[in-house]
Amino acid sequence: MNVLYVNHTATVSGGERSLLALLGALPGEVRPLLATPPGELMERARELGVPTTEIRGTAGSLRLHPRHTPQAIAEMSFAGLQVARAARRHRADVLHANSIRAGLVLALARPAPGARIVHVRDVLPAGAVTTATLRAIAAGTTVVANSRYTAERLRTVAPGARLEVVHNPVDLARFDPARLDRAAARAALGEAGARGLLLGVVAQLTPWKGQDTAVRALAILRERGLDAHLLLIGAAKFVSAATRFDNEAYVEALREEVERAGLGDRVSWLGQREDVPELMRALDILLLPSSEEPFGRALIEAMALGVPVLATRVGGPPEIVTDGREGYLVQPGDAAAWAEAVLRIAESPDRGAAMGAAGRERARSFAADRHAGALLDLYRRAAA
């Protein structure tokens with residue numbers, strides 16, 4: 001079966017990591033070709049032995065703008081022509097768009113052979129543009145949502161869409177606690193690793209990921225005398241003028257908040273890292289304080305490593321975490337509640353250990369080979 005995968009950006013973020021995990025777990029009967037702008041994603045796909053073809057990328061937001069919107073439409077239209085040519089060359093049985101923007105590119109890639117699948121990993125703000133966008137990508141395609149939450153939000157604006165839910169994957173071999181020495185991982189962090197309690201947020205730096213809530217929770221914990229430290233793992237990846245949030249301004253405001261709270265020596269800004277398994281292995285608790293989270297892949301990665309988790313209760317995390325078993329679900333934005341949840345785990349090592357063991361077991365249901373199997377079944381049905 002020939003499958004053409006389409007991604008709108010070369011930047012590797014959560015959706016691209018899921019795509020790479022899928023590409024690495026595909027069975028031999030799938031012959032993949034990745035259409036993507038040149039850059040990190042293309043290079044990493046080639047390292048997996050996946051052939052690639054270059055298309056035009058876009059950073060366009062789905063909010064209307066007199067200059068950026070026409071530019072984004074032009075970029076996606078050109079990419080659509082490139083995708084259509086690639087689909088014909090590859091004799092694609094299935095075209096799988098890895099994002100909403102890639103889905104718009106696919107909608108413009110006509111005529112092109114193959115059944116169409118669009119992977120939706122984001123929950124967009126309500127509005128006329130969102131409704132029109134989601135209806136456009138749903139027309140004549142099968143839409144794969146990364147959680148039931150994402151699917152339900154889609155269903156409200158595109159009630160006739162053919163919807164499937166396939167949760168994101170985790171590489172259980174890469175995120176294996178037996179492979180990584182926890183003491184060595186802590187020691188590699190220097191002073192931060194010597195703290196009594198090491199917390200971490202693994203996410204791009206952007207307002208909706210809620211790093212500001214984590215910082216305020218840390219301030220409360222320090223006021224209560226806890227020897228706690230926070231790792232911020234991630235960078236402001238999407239910084240063009242066309243993006244939805246001013247992520248650079250957010251990072252600057254976040255740095256100012258850290259300094260105002262006197263936490264300069266208690267927060268480590270680690271940026272974008274490739275040694276995420278090692279960093280997560282060092283943590284006592286992983287935090288995912290997003291205001292709304294379509295899925296939360298950092299959760300399943302931490303759980304695979306046996307790390308207790310705290311997650312926002314808004315969005316997909318309740319499909320991953322059972323409150324009180326693998327961790328706790330917490331109201332977003334409520335720093336006091338996040339600090340209290342941290343204390344509930346920190347004050348009972350046995351509870352933390354039990355949550356970590358439950359998390360490792362739960363993470364097995366998100367194994368990359370199971371994810372690939374679910375999508376291959378979907379490909380067969382769509383192609384038929």
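1. Helices (H or I, at least four residues) and strands (E, at least two) are DSSP runs, numbered from the N terminus. By this assignment Thr 130 lies in helix H5. Thr 130 is buried, with a relative accessible area of 9%; buried means under 20% relative accessible area, exposed over 50%, and partly exposed in between, with a 1.4 Å probe and protein chains only. Leaving aside residues up to four places away in sequence, Thr 130 touches Leu 124 and Pro 125, where contact means heavy atoms within 4.5 Å.

2. On provenance, this is a predicted model, in which local features need pLDDT of at least 70 and side-chain atom pairs count only at pLDDT 80 or more, while totals for chains, interfaces and linings use all residues. Residues are numbered from 1 along each chain as its sequence is written, and side-chain values use heavy atoms, with hydrogens and water left out.

3. An open sheet of seven strands has the order E3-E2-E1-E4-E5-E6-E7, and its pairing is parallel; two strands pair if DSSP finds at least two bridges between them. Strand E3 (52-54) and E7 are the edge strands, each of which pairs on one side only. From one strand to the next the twist averages 25°.

4. Within this sheet, strand E1 (residues 2-6) pairs with strand E2 (residues 31-36) in the parallel sense, over five bridges. Tyr 5 stands opposite Leu 34 in E2. Helix H4 (residues 100-108) packs on the sheet and touches E1, strand E4 (94-97) and strand E5 (115-120); the direction of H4 makes about 160° with that of E5. Axes are lines fitted to C-alpha atoms, for helices over the stretch in contact, and angles run from 0 to 180 degrees between N-to-C directions. Helix H2 (residues 40-47) lies across E2 and E3 and runs at about 160° to E3.

5. Thr 142 stands opposite Arg 162 in E7. Together with helix H6 (residues 148-157), E6 and E7 make a right-handed β-α-β unit; a crossover is right-handed if, with the strands pointing away from the viewer, the path from the first strand over the helix to the second runs clockwise.

6. Thr 141 lies in the loop between helix H5 (128-138) and E6. With a relative accessibility of 5%, Thr 141 counts as buried. The contacts of Thr 141, not counting residues up to four places away in sequence, are Arg 116, Val 118 and Arg 162.

7. Two backbone features in loops deserve a check. Arg 110 and Pro 111 are joined by a cis peptide bond, with omega about 0°; Pro 111 is found in the loop between H4 and E5. Arg 91, a residue other than glycine, has a positive phi near 50°. Arg 91 is placed in the loop between helix H3 (68-90) and E4, and this residue is exposed, with a relative accessible area of 66%.

8. A further open sheet has six strands in the order E10-E9-E8-E11-E12-E13, again with parallel pairing. The edge strands are strand E10 (267-271) and strand E13 (327-330), and each pairs on one side only. Direction ignored, neighbouring strands of this sheet are turned by 20° against each other on average.

9. In the six-strand sheet, strand E8 (residues 197-202) and strand E9 (residues 228-233) pair in the parallel sense over six bridges. The bridge partner of Val 201 in E9 is Leu 232. Helix H11 (residues 297-304) packs on the sheet, where H11 touches E8, E11 and strand E12 (309-312), and the direction of H11 makes about 165° with that of E12. Helix H8 (residues 211-223) lies across E8, E9, E10 and strand E11 (285-288), running at about 170° to E9.

10. Helix H12 (residues 335-346) packs with helix H13 (residues 349-363) at an angle of about 100°, and their axes are 6 Å apart. H12 and H13 are therefore roughly perpendicular to each other; angles under 35 degrees count as roughly parallel, over 145 as roughly antiparallel, 65 to 115 as roughly perpendicular and the rest as oblique. In the contact, Arg 344, Ile 345 and Ala 346 of H12 meet Pro 349, Arg 351, Gly 352 and Met 355 of H13. These residues divide into four nonpolar, one polar and two charged, where Ala, Val, Leu, Ile, Met, Phe, Trp, Tyr, Cys and Pro count as nonpolar, Asp, Glu, Lys and Arg as charged, and the others, Gly among them, as polar.
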